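Here is a short briefing to read alongside the model. Take a look at the structure first, then follow the topics below.

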Amino acid sequence: MLGRIIGLIIGFIATVFLVTLAVANRHPAKLVLDPFNPENPVLAVELPFYAYLFAMLIAGVVLGGFATWMGQSKWRRTARGRLVSR
């Protein structure tokens with residue numbers, strides 16, 4: 001029960017932090033994906049700056065989770081082999 005309350009408090013603090021970050025960085029920013037002609041790009045996206053921050057946060061969590069999952073594959077394979085041999 002105490003762990004759930006602590007988790008809710010940490011989640012609330014993180015939510016307040018992320019909302020504050022979004023409000024402070026709501027100005028539009030252009031992401032240009034054409035290094036050869038940045039003045040007249042072929043591909044450019046204009047979004048609020050916080051959208052880029054949140055996208056990178058989500059990408060980091062997903063890539064970190066994938067890397068951890070791949071790093072633990074040896075141990076999962078070993079555990080699976082021990083279950084089958086019983």
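**Aromatic pairs and their surroundings**

The count comes to 2 aromatic pairs, where rings of Phe, Tyr and Trp (its six-membered ring) pair if their centres lie within 6.5 Å, and planes under 30 degrees apart count as stacked, over 60 as edge-to-face and the rest as tilted. This is a predicted model, in which local features need pLDDT of at least 70 and side-chain atom pairs count only at pLDDT 80 or more, while totals for chains, interfaces and linings use all residues. Residues are numbered from 1 along each chain as its sequence is written, and side-chain values use heavy atoms, leaving out hydrogens and water.

**The two pairs**
- Y50 and F54 make an edge-to-face pair, 5.8 Å centre to centre with 65 degrees between the planes.
- F66 and W69 form a tilted pair, at 6.3 Å centre to centre and 35 degrees between the planes.
- F66 and W69 are 3 residues apart in helix 2, so about one helical turn separates them; helices are DSSP runs (H or I, at least four residues), numbered from the N terminus.

**Around Y50**
- Y50 is found in helix 2 (residues 49-71).
- At 28% relative accessibility, Y50 is partly exposed (buried means under 20% relative accessible area, exposed over 50%, partly exposed in between, with a 1.4 Å probe and protein chains only).
- Leaving aside neighbours within four places in sequence, Y50 is in contact with L21, A22, N25 and R26 (contact means heavy atoms within 4.5 Å).

**Helix 3**
- Of the 12 residues of helix 3, the number buried is 0, so this helix lies largely in the open.

Conventions
Helices (H or I, at least four residues) and strands (E, at least two) are DSSP runs, numbered from the N terminus.
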